[in-house]
Amino acid sequence: MLIFWDQKLVFLATPKAGSTAIETALEPLASVSMQRPDVLKHMTAMDFQKHLKPYLCANSSSPFTTVALIRHPVEWLRSWYRFLLRDGFDLPDHPLHNRSFEEFALDYMQVPCPPHAKLQKQSDFLTDTAGNLLVDRLYRYEDIGNFLQFLEDRLRFEISLPRINVPPTVDTKLSAPVEARLVAFMKDDFRLYDQALSSQPN
């Protein structure tokens, strides 16, 4: 999470949606940079609203704008799979050893979900318990140029993103039936993803 005091802007770092590269590029400009531990780096929108926003508002004469990214839900899961394979995937005791992406996707949809596939949904990161979006401006990761243009205009700074946390290249194909199940299972994330493109004011 990054807080830009003078610009009254807060970037909430959705996991696996380019947050590390953005924070690396913009950390020198931020008044506050929370990059570790993960519970602070990836503070949810609901935790921000409950704990940090009241403090910021009490000490500022102007409201803060929150901004975040959301990744295409299936691509987000692919990114997690590649990330989890990054270290020691060839070891026999690695939880994803010889486990395909399709098997990982089926694990992710299990109830209860096995520990190696238990991931916080993007919708849970960005909304309240009723599913209401808690971020003022939500951009698609796949439309990051639009997001960077907003940041450059707001921060008056040209941004060049570094390549960080590049995962290994692995097969992430899905059969049509499993992908259809996954889309239905991730319906709340897809609702937000669809909303992100059309909800940006000029």
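Student: In what order do the elements of the protein chain run from the N terminus on?

Tutor: Helices (H or I, at least four residues) and strands (E, at least two) are DSSP runs, numbered from the N terminus. Here the order is β-β-α-β-α-α-β-α-α-α-β-α-α-α. That gives nine helices and five strands. This is a predicted model: local features need pLDDT of at least 70, side-chain atom pairs count only at pLDDT 80 or more, and totals for chains, interfaces and linings use all residues. Residues are numbered from 1 along each chain as its sequence is written, and side-chain values use heavy atoms, leaving out hydrogens and water.

Student: What radius of gyration does the protein chain have?

Tutor: The radius is taken over C-alpha atoms, and the globule rule is 2.2 Å times the number of residues to the power 0.38. For 202 residues, a compact globule would be near 17 Å; the protein chain has 18 Å, which agrees. Its C-alpha atoms fill a box of roughly 55 × 35 × 30 Å along the principal axes.

Student: Is Thr66 buried or exposed?

Tutor: Buried means under 20% relative accessible area, exposed over 50%, partly exposed in between (1.4 Å probe, protein chains only). Thr66 has 3%, so Thr66 is buried. Across the protein chain, buried residues make up 44% of the 202 residues.

Student: Where does Thr66 lie, and which residues is Thr66 in contact with?

Tutor: Thr66 lies in strand E4 (residues 65–70). Contact means heavy atoms within 4.5 Å. Leaving aside neighbours within four places in sequence, Thr66 is in contact with Val10, Leu12, Phe48, Leu134, Val135, Asp136 and Arg137.
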